[in-house]
Amino acid sequence: MEFVVMSLLNGITYGLLLFMLSSGLTLIFSMMGILNFAHASFYMLGAYFAYQISTWIGFWPGLLVAPLVVGAVGAAIERYGLRRAHRFGHVAELLFTFGLAFLVEEIVHLIWGKVAVDYRIPVELDGTLFTLFDTSFPIYKGFMMLISVGMLLALYMLLTRTRIGLIIQAALTKPDMVEALGHNVPRIFMLVFGGGTALAGLAGVIGGNAFVTEPGMAAAVGSIVFVVVVVGGLGSLGGAFVASLLIGCIQTFSVAMTLSITDVFALVGISLPEGSQVARLTITQLAPVLPYVLMVAILIFRPRGLMGARES
Amino acid sequence: MTAPAIRMQGLKKNFGASEIIRGVDLDIHRGERHAIIGPNGAGKSTLFHLISARLPVTAGAIELKGENVVGLKPFEIARRGLSRSFQITNIFHNLSVFENLRCAVLWSLGYRYSFWQRLAGLKDARQRAEAVMEEIGLSRRRDTPAGILSYAEQRALEIGITIASGADVILLDEPTAGMSNTETEEAVAMIRRVTEDKTLVMVEHDMGVVFGLADRISVLVYGQIIATDAPAAIRCNAAVQEAYLGTSLHSENAS
Amino acid sequence: MKSSFVKRLTLAASVMLIGGSAAAQVKIAYIDPLSGPFANVGDAGLKGFKEAAEILVNQKGGIMGQKLEFTGFDNKGSPQETQIQLKAAIDQGFRFVTLGNGSGAAHSLIDAVNKWNARNPDKTVLFFNYAAVDPTLTNEKCSFWHFRFDANTEMKMEAISNFMEKDKSIKKVFIIGQDYAHGHQVAKYTKEMLAKKRKDIKIVGEDLHPIGRVKDFAPYIAKIKASGADTVMTGNWGNDLSLLIKAAKDAGLKARFFTYYAGGLGTPQAMGAAGENQVLQLTEWHMNVPTKNTEKFAQDFNKKYPGIWFYYLRVNNMVEMVAKAMNTAKSTDPKAVALALEDMRFQNDTGEVWMRKSDHQAMQPLYISIFSKADGKTVKHDSEGTGYGWKTLASISQRDSQLPTSCIMERP
Amino acid sequence: MNSALFPRGRLLLWGGCLALVIALPLVFKSGFMVSLLCQMGIMVVFALSYNMLLGQTGLLSFGHAVYYGLGAFITMHTLNLIGKDGSPLLVALLPLVGGLAGLLAGVVLGYVTTKKAGTTFAMISLGIGELVAACALMFPGFFGGEGGVSGNRVIGKESFLGFTWGPQVEMYGLIVVWAFLATVAMFALTQTPLGRMANAVRDNPERAEFVGYDTQRVRYLMLILSGFFAGIAGGLTALNYEIVTAETLNAHTSGVVLLMTFVGGIGFFYGPIIGAILITVMQIVIGGMTHAWLLYFGLFFLFMVLMAPGGIASVIAVQHKLWAAGLFGRMLPHYLVTALPVLVLLAGLIGLIEMGYALLAGEGVGAGDTATRIMTVELHLNTPGPWLAALATAALGLALTRWIGGRTRVAWNASLSTLHGDKT
């Protein structure tokens, strides 16, 4: 019981962080059709900016300023780079973001060095929030959940209660239609890209000190956010939310499984030959690759994703 | 007596809750030129999509030359000798005119997925593609990428790809849409020429073309065939006049 | 390498066209990642070698009057590129190479060097390994042309298990590691050795996780906690280690972590306060081992290269031992140097280093230390500016880390 | 029109290229250079196989290294299986084994991946690539763990026509033969019904279905064949380096081949060849010259995406057309005039980047190098002088480039319109 509750809490925290990252990507992917390979780079930039700002004026202003700066950088990149690449089609766009991810990492190396920076959790949030069955739950994780849920609500309000939000929603499912109705689609694209990257930046601000702020952090989450978007389904923020939590929980719970592949097959009545390496693998070992298995399975059997509105 | 080229029985298509095709029964005889007309939104293009398996059928049966084809994939239907064109030009944009046509003849000549034969050595494919190119009047554009052809030329290529395979049942979806009068005349002549001895079904808005080409006409209104008959009979059919001709035929003719 | 862009360009061009150049000094090619994700490790190593060569050899008269020089070759961490860079080094007249990062690259290099020497017996090359710890390199795959100056995984585990043997507070051990050769080896040796030395210790769990893929270790920690382990054994390095320690602290796990790699290259900084009194490491040296010269050397180094902390004493050992071998042999021929290195006993600041002849594995004193608050006395120096430093718990003489080898060496 | 696969002009071109690659090691004798050439040869095959998917069938794959890597591993295991008593002839044929392994991998994995095209295919290939790469680390029995699998390509007592494959030059010869055969085969494939239908499927999958082709089958076959050639490249890698490690089949390798192919140009058969050669040179030669190479590489790549999305091959193709139309002479002075300010701009930028690297990530006296030498001039980076100079150079270059570049653009557009005017 203790284990289940703690795992659930951990899974949800991780899932919410994933959602912060993937919500922006879903918006960008669905509206602009761009597989933004640099999305995780903005997450990294968020963490580094927050670190830099926190050394100057503290963590709290950084929490606000860093995502805005990241968003501004994102919007500028859309305006002066991506928009140009857009003319040459989706492959060019994708490769642009591919190259961008590369460049961002190198620039981070150059400015902040190649090892982790000392980006710490602020003292106010350092400590134990509550102790459950003698396992402590840190305040900071609670704070992360708070921020994610707050962001989720804000995003929901923005999308359902404002004009621009309604246009974005419409554009998610029917991008051509919105253009046909005479909206300034390039400007909306710029806003969405800026907004999406700002969300990634915010995830970086609160994820950077919870985990480690170092130049490899973008690559570490780079592909998992794609998994979330694909599993959740194109054009569906709700899907991304469900997929984030699902993947968060799958990863936490599968670690708890000590079953091996042999055991799994034994459950369905197939006995595998002893001793092969495959047979000895445990679910725990497989935990971090399970999302990819899930993604491939989803793409094969339900290409539109869990809650997707369209296929491509 | 041989089975009809196409036989539709109780054919239905729903998009969500809305019924677009609401029970079509129609036989297309072999060798006839059959036109399907009807007001916008009547479901003419949808009917074509169902026959050619671009869209899945909701209910009912379609037989192609006596063989049930519901549930087959588009390429399987194409291999059974049905070929269609599209209302919105649907060609291979980066390939040249000649390559477009050669692609269209390869399967029917039995080259399938061959990667052991040189294209250049396939004399029959070349000759057939060139013959079609001649017929649709694009010989001098042979090596031009299809994407940069003029609109009328692309429409001609569209028909060329459709007939190139030598299919004996041909579906043309608004072959003359958007053409000028002289272009239309040329197109009609060409269609007449290339569908000689074949079964032709076409959707067309230009009543001049319809009444000039068709042996029989079916009128589709709100997903149902309200009449099928020879052109002259259709012209006098009261139901047709009420539902369709009375309102829009004149304006269609005028445009 | 202070040479200019243009100089390097012309050098590269000339090498491409004519190949080779005469050696005016003793040159060692340093083949390690100097760009990309692992560049920090490679960069720190290269600076260490340059500094050691300068202070420990060149300022003391050099090698038979010649200067010892290290030149960096960027293998980008790739085994394939390692071989290309080896060829580049050979072209430029290098007869000695050193590499430390990545067993993949080390295997690739040892293979390439063996083959090169077999195919070009008049232009042999010698490989000094300063950090690749796969035991096979001095066992099944041992080579006359390879010398290892770092203790291998198995020896390190021997030292750790000896320590565990005496510590009766250890009752339940959990093993967690990265799912690749190194992690597998650590797990295997832990189980074997503990079974021999302390039958009462229970292995309460064993987990392998894909390398560099886990963002949140909380579930693993939850599992460790549920198992009731008081001790965790891990071969993890880099972020996989820092994140593990951080997650343990978050969940209030009170177990001790025995590690291989907590001491350097950014890990202390990344784990910070989370590691206090919980993380132990095994190394050949740390800042708070009282020494005559090394302490000052390290301080000077840290001052000179802000942001990089001196970590590898074995780099100094290697530089001094190689220089000594060359001076003894009065030759810079790889074969003569190799013969002189064999069975060498060298007194460094911490004790005796012995290069065993049978497998070319260096035996050296090792230390087990714990991450504690710097207090200016026993923990005189902190690590990487964190306010925490390493406190020695036990020292192991080189004799106590020796293990038999299965090496059957082909000697030229 | 050309009805033969090798009309005289093409025969001359291919023969000339073959002669050139055979002659190269006679000029570049150093071991490094020969190793570099070997790597290029392998990458050419790999990139061409990738373009069978991307350029010819329109399939963007993020997991092509899987076929390359599996080909390499199987080749290496086969080499070790043959053992000491084999003959050099067998060794020379091993890349074929790699090819078959790649083909088999294509048959199995392709069945899953090619069900869909477009984004779905891209994402499935990414997922499968990650899975296979993860497996490579989990199964050290087959993949050799971190150390990889190694072998010795010199086996047998006798040589084969004097070849033992020991010396690098002989290996180069073997690579040239295989690379040439593979290139010819891949080119020939573009001239077959399947090759052409792959283009059709790329352009318009729907229409391809309506002319009787199962697009899924076309994609599947193309992926299998592409896997075959990638496997050959993998087999050559195994023989060349005599070691195969798990990173042969990871995402990084897949990314590199994508970059090579794109930079070279996906619209032309020879594009990937140019890309493979250029990127290999950049990685290894420029990588050896400056630590900023990754930055240069990233900037170059972004520049290509934004300015020449058709790749280098498309730039060459346009020049060729201009040449054929007799317009190249008109453009040449413009090119030369533009080159000048561009060089100034580049000099300024390179100066800034190199100084930045020296200051921030230098490996000289200290991590914060304050003195560096560029162009044999000692620069003091803690003073504003060098920075201002570099900045001014870059600014001047930029201004001049914009000014002269604008005029060149006018001339360029004029030439292009003449060119297209001639055609229509």
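## Helix α9 of chain A

Just after α9(A), A:Gly233 takes a positive phi of about 110 degrees. The model is predicted: local features need pLDDT of at least 70, side-chain atom pairs count only at pLDDT 80 or more, and totals for chains, interfaces and linings use all residues. Residues are numbered from 1 along each chain as its sequence is written, and chains are lettered from A and ligands numbered from 1 in the order in which they are written.

Helices (H or I, at least four residues) and strands (E, at least two) are DSSP runs, numbered from the N terminus. Helix α9(A) covers residues 217–232, and its end C-alpha atoms are 23 Å apart.

## Sheet in chain C

An open sheet of three strands runs in the order β11-β12-β13 (chain C), with antiparallel pairing (pairing: at least two DSSP bridges between two strands). β11 (345–348) and β13 (362–363) of chain C are at the edges with a single partner strand each, so one side of each lacks a neighbour in the sheet. Four bridges join β11(C) to β12(C), residues 351–355. C:Asn348 is opposite C:Gly351.

## Side of chain D touching chain A

In chain D, 33 residues are in contact with 32 residues of chain A (contact: C-beta atoms, placed from the backbone, within 7 Å). The largest share on the chain D side, 13 residues, comes from α5(D).

Conventions: Two residues are in contact if their C-beta atoms, placed from the backbone, lie within 7 Å. The expected span of a helix is 1.5 Å times one less than its number of residues.
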